[in-house]
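Colleague: Could you take me on a close look at the aromatic rings in this one? I'm new to this, so please spell out the terms as you go.

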Amino acid sequence: MKFGKEFMAQMVPEWQAAYMDYNFLKMQLKEIQRFHARGRPAAHLVKQKSTLYRAFSGLIPRQKSQRQPTSLSSPDEESQVIVVNSVAQDGSPGYETRFLMSEEEGGEYELVFFRRLDDEFNKVNKFYRSKVDEVLKEADVLTKQMNALIAFRIKVENPNGWEDRSNDINRLSSDVAASWATLSASAPSGARAASRRVFKDFLLDVEPTCGRQPDGSSNGEDDNAIHQTVEEKKPNNFRATRPEPLQVLDRLKINNTLETPRSTIKGFLNVPNRTEPNFNKESLKKVEERLKRALVVFYNKLRLLKSYSFLNTLAFSKIMKKYDKITSRDASKAYLKMVDNSYLGSSDEVSRLMERVEHTFIKHFSNGNRSKGMGILRPKAKREQHRVTFFMGFFGGCTVALVLALILIARARNLLDKPGATQYMETMFPLYSLFGFVVLHMLMYAANIYFWRRYRVNYAFIFGFKQGTELGYREVLLLSFCLATLALASVVSNLDMEMDPKTKDYKALTELIPLALVVLVLIIFIYPFNIIYRSSRFFFLTCLFHCICAPLYKVTLPDFFLADQLTSQLQSFRSLEFYVCYYGWGDYKLRQNTCSTSDVFRAFSFFVVAIPYWCRLFQCLRRLFEEKDAMQGYNALKYFSALVAISVRTAYSLDRGKINWNMMAWIFSIIAAIYGTYWDLVFDWGLLQRQSKNRWLRDKLLLPYKSVYFGAMALNVLLRFAWLQTVLNFQVSFLHKEAMITIFASLEIIRRGIWNFFRLENEHLNNVGAYRAFKSVPLPFNYDEDEDKDD
């Protein structure tokens, strides 16, 4: 793989704009190469001629002073190509390259190249410095959290005997200080330096740091200074580095970040939450889990920062070597020396922080087991399993074979012309269509994942999947084909159009197959053991529960994204309602449909189709209450208009004799469709921006073809008005009514699949614009800062 492609593949997607623009600099080098190809003299002649016009350096070579700073350029002054100087740019340090051969023919191309190169390096260096400053501040916060955790653990595991142990530690530190002072008077300098390191590590409770000088020097500190520090400032330093547990607990409060219905109701009623810690093992376990997660996220951030530094340093090395090769110059050595001496190349804060986090995590969260701790901090990359691909192809082939078998059986036995065909379409077809809707939605989701990965949309981060548990498109296709195979096999086994003439009944076993399949799917969903992607199943069930209890839980993107999917599955909700009626009232024995004439069934039809919209409406109201964002109010109004429209259309479909229902269905449906279409294009997809550089789209686009966006907008508008079939009662002579309903319901699922891709693309671009590569992790403890300052 070429470096440019590998460089793109290794990037953090949300930081892509902060990386060196390798392709742009390659284009600049191609301009230089084209100029050379247009008949420039041989490189060695140019180099020889250009030296004739340089200032004479003298016959006597000048000796460099030892105090003179090391030059970033080549030691041979006459062969210098560039000189790199440090400058201040907007209050931050930067670098500027002066090209010394701009007077040559074509030198302006190389001058432009170095200007662009400096811009890219200063951008990368500034971004890296800012991110390192952020992680250093975050490290201070996590240090306080760890001190609080240790104090909390002492209080829980040994609440009575810690005072004596604390006094012993203070007495031990005094004895060590006195012993060190006595030993330093007679020990050689090397031994004194070693003892200083041991004593300092004892006080700070840290591992010996790397990079110390072998001769034992300690940044100019002599023995007297160290002794004075120990004797005079030891209590303050000891208190700062190892605070007394009771003092920490006095100003400690628990952050109640767990959202429950109870906490939501208390917050709505302004009931104060309990912030005093409960010192028991259950609370300690919860605190450890939250802080453990915070350290894992922090460590991943450090890993990405280290990768960012390495990749960009390597990219500058590659681009300078390409420059040397094209121009036959020797400029890379001077420039890469500057890169190595810059903050990007010389800073080791990230590496030292990583070592410290590893030590802390292994010590406090994995019982000293390094392999276990590192397995959590650095989980193995998920591998594509060949068996997944094999079974995906196997069940995909089974699906295609069963579809062909179903078509051939229907034509060979002339099933559609039999008297029981109409009865079959009104009873069995709605039962099996449920699986068709689910399979189609899964296929669309698999296509979404494929294109999200192809265009580097970080969907796993956006949805908040646990690292290594997100499903790829192969896994989703495998599940969809498995379900399709089971459903189609059930259909093929239950194609009886007429009842048994002797018993005047249908076979109970085959009539119960759809219900058994639904029960099987539900059992697999709630199965507690770690098979069939348990993490993904539980994640889905959690989001589904949050949708059902929408106003009682804090709304996150996976929750409202799932609720939006459910609004496109209204026909599935009607099918589930029909399952309850058909099997609950015993209609399956005679394959008859008495549900449509039942007042209870008709009344519940309004409630069932309204469930997804009520969930989404309550989510918007919850966000409006919490975030005070007026846009959430307008979004809630959109779902309310859709709720009214779907209810009126349901009423019209149940009672078509009244003209008033028809007019109201037209009015509310048009309002809801226009409102929803405008919201999709402008707010969910971020398109229709008149002032954008991509007219009527947006500034940043992931897809290379603008026509795809315009086609998707047109298709979204067209499919948004698929409800016209309900109002106009559009029918085709060779299709049953249930078949028409299924087709238009499938079109809505397809529209939702298209919506999914562009919705997440817009969310990803918002993250990229804000360089948001990590989500904030709630910390368990909260300090009283005023008391900290007083202390």
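Modeller: Start with a cluster: ring pairs link Phe3, Phe7, Trp15, Tyr19, Tyr22, Phe127, Tyr128, Tyr308, Tyr343 and Tyr771. Rings of Phe, Tyr and Trp (its six-membered ring) pair if their centres lie within 6.5 Å; planes under 30 degrees apart are called stacked, over 60 edge-to-face, and the rest tilted. Keep in mind that this is a predicted model, where local features need pLDDT of at least 70 and side-chain atom pairs 80 or more, while totals for chains, interfaces and linings use all residues. Residues are numbered from 1 along each chain as its sequence is written, and side-chain values use heavy atoms, leaving out hydrogens and water.

By that pairing rule, you get 48 aromatic pairs. Take Tyr95 and Phe121: with centres 5.7 Å apart and planes at 65°, the pair is edge-to-face. Tyr95 lies in strand β2 and Phe121 in helix α4 (residues 107–157), so the pair ties together parts 26 residues apart in sequence. (Helices, H or I of at least four residues, and strands, E of at least two, are DSSP runs numbered from the N terminus.) Both Tyr95 and Phe121 are buried, meaning under 20% relative accessible area with a 1.4 Å probe, protein chains only.

Now compare Tyr579 and Tyr583, a stacked pair, 6.0 Å centre to centre with 25° between the planes. Both sit in helix α23 (residues 570–584), four residues apart, about one turn of the helix, and both are buried too.

Rings can also have a charge over them (NZ of Lys or CZ of Arg within 6 Å of the ring centre and within 35 degrees of the ring normal). The charged end of Lys628 sits 4.9 Å from the ring centre of Phe625, and Lys775 lies over the face of Phe461, at 5.5 Å.

Definitions and conventions:
Buried means under 20% relative accessible area, exposed over 50%, partly exposed in between (1.4 Å probe, protein chains only).
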